[in-house]
Amino acid sequence: MDAMEYPESPLRPEDRALLEEIAGAKRYPIVRLELWSSRERELRSTALNHMRLERADEPMAAVKARGEALARLERAGLILLDYRPAVTVAADYAVYRESAVYRQLCEMVEEGKTRPGFLFDTPHIRRGRAVLTARGRRALAGE
């Protein structure tokens, strides 16, 4: 799906629901789970992109599906996913550190540290946010 698809076709019900959720939220925090290397500071890898949690115990499949939906809406120009440094509210991100998905990432890092040459030895949560674009607001309004 690209940005030209939505002018001729109605929003999918699941996309509309996600857009409405973003539009109705005071803040819509998302994160990118990354792996960093303490030995080579420039070496970073994305483990899970555009992660949005409602509960700490959400299964990986649900988290991935929501991330794919967020990416789809961004490609369509309906939302912006922003990971630039900004002032954030720590409480908005507490669920991520407590989550089963983040624990899995930490366990993977710990297991990797036992292998020779393993470079990604530091799990990192990059804070971000999703915001509705003008195009997204128009799509919700039915324009």
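**Overall architecture**

What pattern does the protein follow when read along the sequence? The order of elements is α-β-β-α-β-α-α-β-α. This description, like everything below, refers to a predicted model. In total, the protein contains 5 helices and 4 strands.

The C-alpha atoms of the protein occupy a box of roughly 55 × 30 × 30 Å, with the dimensions taken along the principal axes. Among contacts between residues at least 6 apart in sequence, 71% join residues at least 24 apart.

**Surface, burial and charge**

The protein has 143 residues, and 36% of them count as buried. Its accessible surface comes to about 8400 Å². Carbon and sulfur atoms account for 52% of that surface.

With regard to charge, the protein carries 25 positive and 23 negative side chains. The centres of these two sets lie 4 Å apart.

**The largest pocket**

How many residues line the largest pocket? The lining consists of 21 residues, and those nearest the centre of the pocket are Arg-27, Tyr-28, Gly-128, Arg-129 and Val-131. The volume of this pocket is about 250 Å³.

Several elements contribute to the lining. Helix α1 (13–24), helix α3 (90–97) and strand β4 (122–132) each provide at least two of the lining residues. Strand β4 supplies 6 residues, which is the largest share.

**His-50 in strand β2**

His-50 belongs to strand β2, which spans residues 44–51. Is this residue buried or exposed? His-50 counts as buried because its relative accessibility is 10%, and the cut-off for burial is under 20%.

Most residues other than glycine have a negative phi.

**Glu-111 in helix α4**

Glu-111 is located in helix α4, which covers residues 100–112. Its relative accessible area is 47%, so Glu-111 is classed as partly exposed; that class lies between the limits of 20% for buried and 50% for exposed residues.

Key: Residues are numbered from 1 along each chain as its sequence is written. This is a predicted model: local features need pLDDT of at least 70, side-chain atom pairs count only at pLDDT 80 or more; totals for chains, interfaces and linings use all residues. Side-chain values use heavy atoms; hydrogens and water are left out. Buried means under 20% relative accessible area, exposed over 50%, partly exposed in between (1.4 Å probe, protein chains only). Contact means heavy atoms within 4.5 Å. Accessible areas come from the Shrake-Rupley method with a 1.4 Å probe; for residues, only the protein chains shown count as cover. Lys and Arg count as positive and Asp and Glu as negative; His and the chain ends are not counted. The place of a charge is taken as NZ of Lys, CZ of Arg, CG of Asp or CD of Glu. On a 1 Å grid over the protein atoms alone, a cavity is a set of points where a 1.4 Å probe fits but cannot get out, and a pocket is an open set with protein on both sides within 12 Å along at least five of seven lines; lining residues have an atom within 4 Å of a point. Grid points are joined across faces, edges and corners, and a volume is the space filled by probe spheres set on the points.
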